[in-house]
Amino acid sequence: MKFEDKKAHQVKSGLEPLSSTIPDASNAGLSPSQQSISHYPLEQHLAEYKRQGFTIFRGFLPPERVQEIRAICDPLFDELMQLEHHRNNPLARDTIGGHDGWQEGRQTALGTMLMDATVFNPSGLLLDFTEMLMGPSVQHDSLQVAGYPSVPLAYRGIGYGWHHDGFNTAGTTTKKGPKAYTYPLACNCLTYLQDMTLERGPFRCVPGSHLDFSMQVPLPSPDNPAEHWSVPGEICVDGRAGDLVVTHCDLLHGSTHNTAAGEYRYFISEYVQQAGLPHRDNMDDAAWAHWLAAARQQEDKRILRFFGEGKDAYQAALEESWRQQSARSSSTA
Ligand SMILES: O=C(O)CCC(=O)C(=O)O
């Protein structure tokens, strides 16, 4: 199939406001700063997340914060896009931070700003919600900002880059068919920095694919090259500037090409995982060293745990329960 014919496989329903599938409910239980972000309680976000494999928190970042971040990222991505590998592949995205770290000069300040905007957001939502998803022991894995260059208009509305995220179970079995809900070992907290119109390239996913082992990443073929994938059941998510989308690592998801002329497509990715798993970022990164130092001083177990330190009551209780279980099984052996 030629690229032109592929357009017939684009998402038919366009941008679907997924949050409207959740009935209105009292936002009792949310703190005042959380209430300005969500109109329903965290339990309902959790129910939505379990059903769909993701949930959206509208207006997680205020517009001035979004602008501040974009004003810093624009020149940084201008420089990155000059690099040789972009000349050879003008469709490719690039990232700042993540496994390369935030140590380098002016990027450290950006890393601090992004950590402040997301994990240390005044609403506290990111930590509260990821703890709800994975139990109270969550830790940082990787923080980065991804930027996608604008590509020719012929790519408008075309999805690509389908994948499951790190620590998914989908890639570790040959099973097909329904899968019971299991809590994520990791989840991506994606904060969008633009209104994700079809031109700018909305987040794409197959809702419910985290509950189905049949939902595998489509393989590229000469008829279906990697940059033009489309997947049955896919939808576009109508993310707006400042919205936070939290995904399950088993959700099949991807991107849409950015065809907004002269604009980068951006998002912040804060990848959060179960404490104790191998993590990609350096926990001592200069960009968040002051939070770690303050947590050590104040013996703030939650933040110490988030940065990979600190044995607390929760871990001690797990170890005690493990000890009791092993004692029981050896006495019955
Ligand atoms: O491009 C997007 O909107 C999603 C990004 C993504 O899938 C990822 O960073 O894992």
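The paragraphs below take these topics in turn.

The model is a predicted one, and its protein chain is built from 10 helices and 11 strands. Of the 333 residues in the protein chain, 38% count as buried. When contacts in the protein chain with a separation of 6 or more are considered, 82% of them are accounted for by residues 24 or more positions apart.

The surroundings of the ligand can be described residue by residue and then by element. Around the ligand stand Asp 165, Asn 188, Leu 190, Phe 203, His 253, Gly 254, Ser 255, Phe 267 and Ser 269. At least two residues of this shell come from each of strand E6 (186-192), strand E10 (253-256) and strand E11 (265-274), and E10 gives the most, with three residues. Sorted by class, the shell around the ligand holds five polar, three nonpolar and one charged residues.

Next comes a packing of two helices. Helix H3 (residues 42-52) and helix H7 (residues 125-134) have axes that come within 11 Å and cross at roughly 55°, which means that H3 is oblique to H7, since this class takes the angles left over by the others, among them the roughly perpendicular range of 65 to 115 degrees and the roughly parallel one under 35. The crossing in which H3 passes H7 is right-handed.

Phe 167, which is found in the loop between strand E5 (159-163) and E6, has a phi near 75°, a positive value in a residue other than glycine. Is Phe 167 buried, partly exposed or exposed? Phe 167 counts as partly exposed because it has 19 C-beta neighbours inside 10 Å, where 20 or more would be needed for a buried residue and 12 or fewer for an exposed one.

Glu 299 lies in the loop between helix H8 (289-298) and helix H9 (301-306), and although Glu 299 is not a glycine, its phi is positive, at about 50°. With 10 other C-beta atoms within 10 Å, Glu 299 is exposed, because the cut-off for that class is 12 or fewer.

Terms used:
Residues numbered from 1 in each chain as written. Predicted model: local features only at pLDDT ≥ 70, side-chain atom pairs only at ≥ 80, totals over all residues. Near = placed C-beta within 6 Å. Helix = DSSP H or I, 4+ residues; strand = E, 2+ residues; numbered from the N terminus. Nonpolar A, V, L, I, M, F, W, Y, C, P; charged D, E, K, R; others polar. Contact = placed C-beta atoms within 7 Å. Axes fitted to C-alpha atoms, helices over the stretch in contact; angles between N-to-C directions. Parallel < 35°, antiparallel > 145°, perpendicular 65-115°, else oblique. Left-handed = near helix turned anticlockwise from the far one by under 90°.
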